[in-house]
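Here is a short walk through one protein model. Keep the sequence and the 3D view side by side as you read.

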Amino acid sequence: MAQALACAPPSSLRDTVFVAAALARRAGEDPEQVTEEVQALWAAGGQTPVVRLRTAAEWDPGRLGVHLAPGPDGTVDLPLTEYLTRPHDTTLRERLAQTAVSNQAVLVLLVGRSASGKTRALYEAVATVLPDWPVLFPADAEELTAWIEASDIDPRTVLWLNETQRFLGGAAGERAARALGRLLDQVTSVAVVGTMWPEHMRRLTNRQKGLESAPHALTLLTRPHVMITVPDTLDGDPAALASAAARDPRVAVAVRAAGSGRRVLQHLTVGPELVRRWEMGPDQWFTAPEHAVLTAATEARRLGHASAVPARMLMEAAAGFMDSAARATASKEWFPAAIDALRTTEGGLAPLIAERHEPGVGEPDSYRPDDYLEQHIRRVRAHRAPPAQFWSGARWARTADDAYALGRAAEQRRRYGSAIPLYELAIEQGHSQARAALAVLRATTEGQARAEETAATDPVAWAALAVTREAAGDGSASFDAYRHAAESGDSWAWAAMARIREAEGDPAAADAVAARAATAGEPVAWRTLGRMRVTRGAVAAEAFEQAARAGDGWGDMGLAQVAERSGDLAAAVAHATRAASEEVGAAWATLVRLYWALGDHASALEAATSGADVGHPEGWSLLARLRNAAGDRAGAAAAHREAAGLGVGAAWRELALLAESDGDSVAAEEAAAQAARTGDPEAWTALVEAREEIGDEAGAAHAAAEAARAGDVDAWIMLARARENAGDRRGAELAADLAAERGATDAWSALSRIRERAGDRDGSRRAVLRATALGAFDAWTALGRMREGMGDIPAAERAYVRGCKAGDIEAYAALGALYLVQGRTHEAPRTGRLWTQDSPTPGKGYCRRWRPRRPARLRRRRWVGCARRDCQRRSKPVRPAVRRRPDRQTG
């Protein structure tokens, strides 16, 4: 058999091994022996060296990132503890099982705090549900991208992305996210699994920043039903936990240490003990150099250094966290001694993890803190500024992404003299956004001439300068910057130039810009003008016609819109048909709507079918809604079924709601279950809302439980809100507890705000205390914002202070903004870092955009009304005059 296979032209080792094993089983031979022979022949034939793929059970769990529980005596070489399942395990396993049977790719991320059992849950789920699938674990984003682009990831493979944020950060992460998106769309039966902290998930899914800096990562993480929340408590069968404690002394010790807090998992890895030792301060458990090294490593990670911290950076930065006496008395070998001590697993603890990033085998060159300790230090130092010497050590940042992130952090803390060289380092290493950031910073600190010199021929930098100037109201300078951006290759800059001229009331100049853009092969400017003139009929049609002539299919869509507004539906159909022929996908749904309006239902059906044939099935969903509005419920159901068969995620949900409104709860639940099997649990959530509205509490609770089991914990939060508003306090609290068991503490936080709004201050306080006890550190901050919006400033201040004590970084921002509004400027700096990337808004309804309005030497800082229409801060209170020095620090 092996000889026969050796004569066949091989495609890939993986495929050849699979075929050989299948043939061996059919022939009654030993599959493992045949597999070894095939691998040997593959290597002998000069093919890629054999790399044996390992299943989850064959991997060392520690290598995959599973926290190992040491014994009571500190022994670390022990097997894993007994695994106790929780509600999220059922959701995860069902999703993986569905992938195995449906030949569909899946992306699943377990999101929860450190040491909450995320990685162990993935390990157990993959080993149980996909036991024979090989697990691939790339080292970093570059390797992940290389694997995908080389088509090295075959079907029926698990791609293991523990600490997924490491693979999605910076420019390399954007490339990896784009490649992952293609992999999920093109390769069937691939399971991409990962873990992430909530703060990393919030940062990467922040639409305001993500669309600008990391659009591919944002698109990947906001795919439907990617996230499964993992609680950091072990809420399950108490008898099972007691039984496990009786069999394993490690579990027994952890249960006793956790007490009533139920955070048994954290104590299994001895994380809280490590935190306690760090909290003791320098020269206690840790020596002053050891304590400084740990703090510096965490501070670097907190401020954006995503990879392990290089030793040179760590040594220089750590000195800034030592007092003068410690620096004077430290030995010459203080740094290697501290590193050696921190790498020691005394009592099962390794506060510092060593890595090597340089090529070849050798001594470690980089270090990162234990993740449980890192999360704690991040929280307690969230409002603190690093010492000046930290920034001098930052020049040793490992990658372009790390240097850029640290530069942003330095700029946000007004360490401009430190930010500039970090941006320059990132530019030297090829970061795509660093030049733009440096140009904008120099426009503020060194003047526009220096900023333009920095921008050079970078279209991104010129566009950034243009946006900044336009926000400051300098139309002439912003137009000039957009012109430079357009000449440097930014196609959208042409549209901005045309928009500025049109807004200035000079349509002739706007047309001239659009004509120049079209000559340069960029018709988007004409389309922009058409949209700005859409209410002016013929004038808008002329702009859209120019766009269409320049080859922009969306110009035909604009012509269809103008014709429809004028009542000429036949002309609108003609234009939309031409747009569809030019591969504008949205044109098919437009044709469905236009034909339906003309009464030509047969042509509407044909348009829906034709759109689906070329990969745009949205027309079927629109046709279903149109039929339902016309009273044809059977026809609507049939159209939704067509859409569902074509992969439209919301179709099963609509079928469930149709059946529910007809009183057929059985059919509704069958449709919701089918939606969940295709990865959409929101059909159950929709049933929760529908049943709660008609008072069917039992049915709503059943649907909420099914939604949570399918991965949508928000159903319990919705149910808690609805019951609280209906006066069913006991039912609301039960729903909130069930949500918390599945890792969602937002329900208790929501109950606190509902009760606050109703005037029940005591009930609100009890709910927010419960939320905080469950780990919702932002509950007090959210309550404070509500109180501030209601005008109760003293109560808001008290809530913000409690939020600061709970470690919520946004509480510091909100409290500082409150102090500034009250004129208590001397107290605001005490709240720490008020405007940072980590805290996007300093208070409800207030904008945090500070921009210069005068020359640097006379500058005052003012609030500037931004594009947010809900920004309540339209007046411009002046801060005390401050001369901006390169290294002025505000925390």
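How many residues does helix α37 have, and what distance does α37 reach from its first C-alpha to its last? Helix α37, residues 633–645, has 13 residues and reaches 18 Å. That is close to the 18 Å expected at 1.5 Å a residue, the expected span being 1.5 Å times one less than the number of residues. Helices here are DSSP runs of H or I with at least four residues, strands are runs of E with at least two, and both are numbered from the N terminus.

This is a predicted model: local features need pLDDT of at least 70, side-chain atom pairs count only at pLDDT 80 or more, and totals for chains, interfaces and linings use all residues. Residues are numbered from 1 along each chain as its sequence is written, and side-chain values use heavy atoms, with hydrogens and water left out.

Stay with α37. Its buried residues (under 20% relative accessible area, 1.4 Å probe, protein chains only) are G635, A636, A637, A639, H640, A643 and A644. They pack against α36 (618–629) and α38 (650–661). After α37 comes G647, with a positive phi near 95 degrees.

Note on methods. Buried means under 20% relative accessible area, exposed over 50%, partly exposed in between (1.4 Å probe, protein chains only). Contact means heavy atoms within 4.5 Å.
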